[in-house]
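The sequence and the model are shown first.

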Amino acid sequence: MHGALLRSTLFTVVFAMAVFGAPLLALGLGLVDVKKADLVIAYVTLFTLLAVVGAVLLARNQARRFAVPLEQLADQAEALGAGIATVERLHSGLPEIDRVSASLASSATRLQRALSTERDFASDASHQLRTPLTALLMRLEEITATQDLRDAQEEATLAIEQVERLNVTVDALLARARQGSSESPRPTSVDAVIAGLQREWQPTFEAQSRSVQVSGDRGLRVIATPVALQQILATLLENALVHGDGTVEIDARRSGPSVVLEVRNAGPGVEPGLAPHIFERSVSTRSTGLGLALARDLAERYGGRLDLLRAASPVVFALFMSSADEVDQ
């Protein structure tokens, strides 16, 4: 920008000198009769006015060339400060201004990504923690209501396990939000995860006179983290609790190189218009939209897949994960 300012100033000065010096040069070369003083004065005055007007116009044009991108740059900085994370890069032809604009655009992109990550974390955490916290509260209420010390100790032990699982879940969600290094996948026992979920969700289902039944093969292991598998299945259980009816069935079986976990529940089924979009994050049906989107995302992260196999009653969701036994062979 320093070079552009210098060039524009020199251009304006040269233009003024050229216009103003033209009549003087003509006098020096004898092209104008010196005896005609009135005519010479008129020429000098005219060219002086032309020089002044031309210099002013050139100066205004150059000033506008610098002022407009600077004003746009100030507007971008103000918008970024107000939290508007959409800034387009300027192409003013002035390297210094373009570099500042590029920096603002990069900062806006990073800000937009950070805000989006925070919103996703808040929504995911709200969904993943709401029902487990409710179950924990119900268990604590049972502790306060019982007079049997042994029952109270058992319930307290289960409550402590729930709190520990919630801590792990929060850590996993934070790691996901920061896009940092998360826990590496390893052989995870399906039986252990399902047993933990049964203990955690039992009070909530019993409060609605419902239950969770497990069937299928035992001793299955999948390539994932316990937290990820727990979150996926917990989302399906909450979906069944909120939108389904009757007994929820979890069936585990080996299918070639994969382990298939099917979660079935009775109820009205999924509306035909909703079924194709049920895994989209923008879908909002009280609790399913965001949770199912998160569950599918977690499954895909570990090479798995979460599908809606049956939309009509009974609704069937299927989780496909790579078998750890297949990898060990």
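Leu306 has Leu319 of β7 as its bridge partner. In this predicted model, β6 and β7 run antiparallel and are joined by five bridges. Strands of a sheet pair through backbone hydrogen bonds, either parallel or antiparallel.

The sheet to which these strands belong is open and has five strands, in the order β2-β4-β5-β7-β6, with mixed pairing. β2 and β6 are at the edges with a single partner strand each, so one side of each has no neighbour in the sheet. From one strand to the next, the twist averages 20°.

Helix α5 lies across β2, β4 and β5, and runs at about 160° to β2. The residue ranges of these elements are given below.

| Element | Residues |
|---|---|
| α5 | 190-207 |
| β2 | 212-216 |
| β4 | 245-255 |
| β5 | 258-266 |
| β6 | 305-310 |
| β7 | 315-322 |

At the start of α5, the backbone nitrogen of Asp191 has a side-chain oxygen of Ser189 within 3.5 Å. The 18 residues of α5 should span 26 Å at 1.5 Å a residue, and its end C-alpha atoms are 26 Å apart, which agrees.

After α5 comes Ser209, with a positive phi near 55°.

Note on methods: Residues are numbered from 1 along each chain as its sequence is written. This is a predicted model: local features need pLDDT of at least 70, side-chain atom pairs count only at pLDDT 80 or more; totals for chains, interfaces and linings use all residues. Side-chain values use heavy atoms; hydrogens and water are left out. Two strands pair if DSSP finds at least two bridges between them. Helices (H or I, at least four residues) and strands (E, at least two) are DSSP runs, numbered from the N terminus. Axes are lines fitted to C-alpha atoms, for helices over the stretch in contact, and angles run from 0 to 180 degrees between N-to-C directions. Contact means heavy atoms within 4.5 Å. The expected span of a helix is 1.5 Å times one less than its number of residues. A polar contact is a pair of N or O atoms within 3.5 Å; within protein, one must be able to donate a hydrogen and the other to accept it, and residues adjacent in sequence count only if both atoms are side-chain atoms.
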